[in-house]
Amino acid sequence: MRIDGAVAFVSGANRGLGLALARELLARGARKVYAGVRSPESAGDPVPGLVPVRLDVTDPASVAAAAAQCGDVNLLVNNAGIARVLEGTLDPAWIRTAREILETNFYGIVLATQAFAPVVEANGGGAILNVLSEVTWHSPPPVSAYAASKSAAWSFTNASRTDLRPRGIQVLALHVGFMDTDMTRGYEMKKSSPREVAARALDALERGKEEVIADEQTQSIKAALGSEGAQYLAAQAAQP
Ligand SMILES: NC(=O)c1ccc[n+]([C@@H]2O[C@H](COP(=O)([O-])OP(=O)(O)OC[C@H]3O[C@@H](n4cnc5c(N)ncnc54)[C@H](OP(=O)(O)O)[C@@H]3O)[C@@H](O)[C@H]2O)c1
């Protein structure tokens with residue numbers, strides 16, 4: 001996928017990784033970048049070249065309206081996401097919380113893919129970039145509902161790649177561990193810079209890749225999947 005001259009739509013582009021991806025797309029010569037945001041009126045200082053479009057990925061009508069409004073898109077970035085922390089898998093709020101997260105992180109990707117894939121195809125093909133996570137491949141109990149949403153989104157990503165490749169649409173999965181964004185504010189751990197992650201993701205997109213693993217920790221989790229020491233088998237519960 002060539003970014004120079006592309007027209008991109010990035011969900012959740014008002015902050016965090018979405019904003020970093022939008023800025024990096026513009027820096028690489030994207031002709032236009034639509035910023036899919038819940039509140040265009042409170043999206044902060046306008047970024048030159050970014051075109052705010054109202055979007056709530058949990059609302060089918062909103063996603064369909066955005067796709068109808070942005071008929072020149074040839075790159076969709078499914079970035080919008082939420083995370084919630086629970087007490088663990090026995091938390092009585094688990095199912096309610098998982099439903100809330102899945103609406104955004106899973107069904108949101110499905111809705112946007114179904115709405116935008118015909119647009120991308122009609123514009124001669126292009127790409128869809130789905131933002132996943134290292135927790136696609138293991139599930140710390142406090143974030144197990146979030147992890148389930150990313151595993152589900154990975155599954156859909158893989159199926160849509162098979163469906164969309166013959167339509168000239170490259171489907172790229174981005175797997176990444178902790179990044180320094182609002183989502184991890186208040187948690188002390190090693191975090192990567194969303195700007196560097198955005199650059200790695202777009203390098204992979206331009207090289208025609210179908211998967212990009214943006215940091216060393218996520219690379220080692222993926223590499224160990226077939227071993228007895230796989231993270232999902234070896235993880236210890238946090239001590240109270
Ligand atoms: N931060 C990490 O450590 C990390 C690690 C791995 C993967 N990720 C993934 O990276 C992506 C971006 O996360 P981030 O770290 O940049 O988080 P963030 O700073 O919290 O930003 C999340 C973005 O998603 C938007 N969003 C949430 N629900 C939405 C909805 N229903 N419709 C439209 N937009 C919605 C938010 O919009 P509002 O401003 O309106 O809330 C915001 O722009 C997510 O998919 C996340 O799961 C993050």
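This report looks at the nonpolar cores and the aromatic pairs of a predicted model.

## The largest core

Let's start on the inside. The largest nonpolar core has 35 residues, and Leu21, Leu25 and Leu174 have the most contacts inside it. Several elements give two or more residues to this core: strand 1 (7-11), strand 2 (32-37), strand 4 (75-78), strand 5 (126-131) and strand 6 (169-175), along with helix 1 (16-27) and helix 6 (194-206).

If you set aside neighbours within four places in sequence, Leu21 touches Val77, Asn79, Leu129, Val131, Ala198, Ala201 and Leu202.

## A second core

There is also a separate core of 21 residues, and Phe9, Leu55, Val120 and Ile128 are among its members. Keep Phe9 in mind for the next part.

## Aromatic pairs

Four aromatic pairs are found in the structure. In one of them, Phe9 and Phe116 are tilted, with 4.7 Å from centre to centre and 40° between the planes. This pair links distant parts of the chain: Phe9 belongs to strand 1 and Phe116 to helix 4 (residues 107-122), 107 residues apart. Phe9 counts as buried because its relative accessible area is 1%, under the 20% cut-off. Phe116 is likewise buried, at 1% relative accessibility. Together with Tyr34, Phe9 and Phe116 form one aromatic cluster.

Phe106 and Tyr107 make another tilted pair, at 4.9 Å centre to centre and 55° between the planes. Are these two residues buried or partly exposed? Phe106 is buried, with a relative accessible area of 17%, whereas Tyr107 is partly exposed, at 41%.

How values were computed. Residues are numbered from 1 along each chain as its sequence is written. This is a predicted model: local features need pLDDT of at least 70, side-chain atom pairs count only at pLDDT 80 or more; totals for chains, interfaces and linings use all residues. Side-chain values use heavy atoms; hydrogens and water are left out. A nonpolar core is a set of buried Ala, Val, Leu, Ile, Met, Phe, Trp, Tyr and Cys residues joined through side-chain atoms within 4.5 Å. Buried means under 20% relative accessible area, exposed over 50%, partly exposed in between (1.4 Å probe, protein chains only). Helices (H or I, at least four residues) and strands (E, at least two) are DSSP runs, numbered from the N terminus. Contact means heavy atoms within 4.5 Å. Rings of Phe, Tyr and Trp (its six-membered ring) pair if their centres lie within 6.5 Å; planes under 30 degrees apart count as stacked, over 60 as edge-to-face and the rest as tilted.
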